[in-house]
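Open the model in your viewer and keep the selection tool at hand. This tour goes stop by stop.

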Amino acid sequence: MAHLVRDTERAFRKSLQIRLAEYGVPFGHWTFLRVLWENDGITQKELSAHAGVMEPTTFAALKVMEAQGYIVRKQLPTNRKNVYIHLTAKGRGLKNKLVPMAEDTNSISTRNIAPDDLTITRRVLLTMMRTWPRTKLAWEEPTPTPKRRAQSKTGP
């Protein structure tokens, strides 16, 4: 199952990367933009958590995004510890251009799948995603399996 999900994700990512390149937006920035379109003004730490990446990765991406004019970073005079990320008009404007590209990617990849099958697929994937954080076992070492008995060349 994991390799199917991984290979599907790679195909989605490659398809979207090609579309995003038209606007000079790397796939990694797409993730941050998506989060900010829904949660503008969150802290850099919160953005990292929402995007599922480490803070140094977020910091590096935000430097570039700020240079491109997509975001501004602000600190409050009363709290110099937190850095708040805000979209600029240019960054907000990308939503109307980039979201349709992502929707197009989804449409192309699912055009030969029955609507009922898509509903089931979405439900199964969401259930799997919700299961991982709730179970400690997901992150533990696998349970050792008993060793197979050596089979002779003449049979079991």
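A salt bridge here is a side-chain nitrogen of Lys or Arg within 4 Å of a carboxyl oxygen of Asp or Glu. Before selecting anything, note that this is a predicted model: local features need pLDDT of at least 70, side-chain atom pairs count only at pLDDT 80 or more, and totals for chains, interfaces and linings use all residues. Residues are numbered from 1 along each chain as its sequence is written, and side-chain values use heavy atoms, with hydrogens and water left out.

**Stop 1: salt bridges**

A search of the whole structure finds six salt bridges. Select Arg6 and Asp7. Their side chains meet in a salt bridge, 3.1 Å from N to O. Arg6 is partly exposed, at 40% relative accessible area. Asp7 is partly exposed too, at 35%. (Buried means under 20% relative accessible area, exposed over 50%, partly exposed in between, with a 1.4 Å probe and protein chains only.)

Now select Glu9 and Arg13. Another salt bridge joins them, with the closest N and O atoms 2.6 Å apart. Why are Glu9 and Arg13 separated by about one helical turn? Because they are four residues apart in helix H1, residues 2-21. (Helices are DSSP runs of H or I, at least four residues; strands are runs of E, at least two; both are numbered from the N terminus.) Glu9 has a relative accessible area of 33%, and Arg13 has 28%.

Go on to Glu66 and Arg73. Their closest N and O atoms are 2.8 Å apart, in a salt bridge. Both ends are partly exposed: Glu66 at 31%, Arg73 at 22%.

**Stop 2: an aromatic pair**

How many aromatic pairs does a search of the whole structure find? The search finds one. Select Trp30 and Trp37: they pair edge-to-face, 5.7 Å centre to centre, with 75° between the planes. (Rings of Phe, Tyr and Trp, the last by its six-membered ring, pair if their centres lie within 6.5 Å; planes under 30 degrees apart count as stacked, over 60 as edge-to-face and the rest as tilted.) Trp30 is buried, at 6% relative accessibility. Trp37 is buried as well, at 13%.

**Stop 3: a nonpolar patch**

Select Met1, Val5, Ile120, Val124, Leu125, Met128 and Trp132. They form a nonpolar patch on the surface, with about 610 Å² of accessible area together. (Patch residues have over 30% relative accessible area and no salt bridge; like charges are joined within 9 Å, nonpolar side chains, meaning Val, Leu, Ile, Met, Phe, Trp and Tyr, within 5 Å. Areas come from the Shrake-Rupley method with a 1.4 Å probe; for residues, only the protein chains shown count as cover.) Helix H6, residues 115-134, gives the largest share, five residues. End on Trp132, which lies in helix H6. Trp132 is partly exposed, at 43%.
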